[in-house]
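Trainee: I would like to learn how to read the features of a model like this one. Please take me through them in turn.

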Amino acid sequence: MEKTGVTMELEYNSHSPQETSHPGTPSDLLWTVEDVAVYLKLQPETIHSMARRKELPGLKIGKVWRFQKYAIRKMLINLD
């Protein structure tokens with residue numbers, strides 16, 4: 001999907017913890033609130049609240065939140 005010169009790819013079937021992605025690589029995809037909600041098995045409203053409280057690493061672009069797959073996975077690893 002392309003919007004205002006920024007290409008955004010969504011990958012829905014690669015939610016395995018073994019998959020590696022590094023910042024700045026093509027596999028470091030942007031996730032929507034819904035993508036993160038599915039991955040974390042939470043409600044989208046919870047993801048919104050956590051992002052606003054800075055409990056999730058996210059970026060607000062206009063009125064929408066976007067999350068780097070790498071940052072979400074890194075956050076989960078660091079919870080241990």
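The dialogue below goes from the overall fold to single residues.

Trainee: What kind of model is this, and how are its residues numbered?

Mentor: This is a predicted model, in which local features need pLDDT of at least 70 and side-chain atom pairs count only at pLDDT 80 or more, while totals for chains, interfaces and linings use all residues. Residues are numbered from 1 along each chain as its sequence is written, and side-chain values use heavy atoms, with hydrogens and water left out.

Trainee: How many helices and strands does the chain have?

Mentor: Helices (H or I, at least four residues) and strands (E, at least two) are DSSP runs, numbered from the N terminus. Here the chain has 3 helices and 5 strands, and along the sequence they follow the pattern β-β-β-α-α-β-β-α.

Trainee: Which strands form the sheet, and in what order?

Mentor: Strands of a sheet pair through backbone hydrogen bonds, either parallel or antiparallel. Two strands count as paired if DSSP finds at least two bridges between them. In this model 3 strands form an open sheet in the order 3-5-4, with antiparallel pairing. Strand 3 and strand 4 (59–61) are the edge strands, each pairing on one side only. Strand 4 and strand 5 are joined by 3 bridges; L59 has R66 of strand 5 as its bridge partner.

Trainee: What share of the chain is buried?

Mentor: Buried means under 20% relative accessible area, exposed over 50%, and partly exposed in between (1.4 Å probe, protein chains only). Of the 80 residues, 31% count as buried.

Trainee: Which residues touch the most other members of the largest nonpolar core?

Mentor: A nonpolar core is a set of buried Ala, Val, Leu, Ile, Met, Phe, Trp, Tyr and Cys residues joined through side-chain atoms within 4.5 Å. The largest one here has 14 residues, and W31, V36, L40, I47, L56, F67 and I72 touch the most other members. Helix 1, helix 2 (44–52), strand 5 and helix 3 each supply at least two residues of this core. Helix 1 gives the largest share, 5 residues. As for contacts (heavy atoms within 4.5 Å), V36 touches W31, I47, L56, F67 and I72, leaving aside residues up to four places away in sequence.

Trainee: Which residues of helix 3 are buried, and what covers them?

Mentor: In helix 3 (residues 69–78), the buried residues are K69, A71, I72, R73 and M75. Their cover includes strand 3 (30–31), helix 1 (33–40) and strand 5 (64–68).

Trainee: How many salt bridges does the structure hold?

Mentor: A salt bridge is a side-chain nitrogen of Lys or Arg within 4 Å of a carboxyl oxygen of Asp or Glu. The structure holds 1, between the side chains of E55 and R53 (2.9 Å, N to O). E55 counts as partly exposed because its relative accessibility is 39%.

Trainee: Where do residues other than glycine have a positive phi?

Mentor: Most residues other than glycine have a negative phi. K41 has a positive value, near 55°, and lies in the loop between helix 1 and helix 2. K54, with phi near 65°, lies in the loop between helix 2 and strand 4.

Trainee: Why do K41 and K54 count as exposed?

Mentor: K41 counts as exposed because its relative accessibility is 74%. K54 counts as exposed because its value is 73%.
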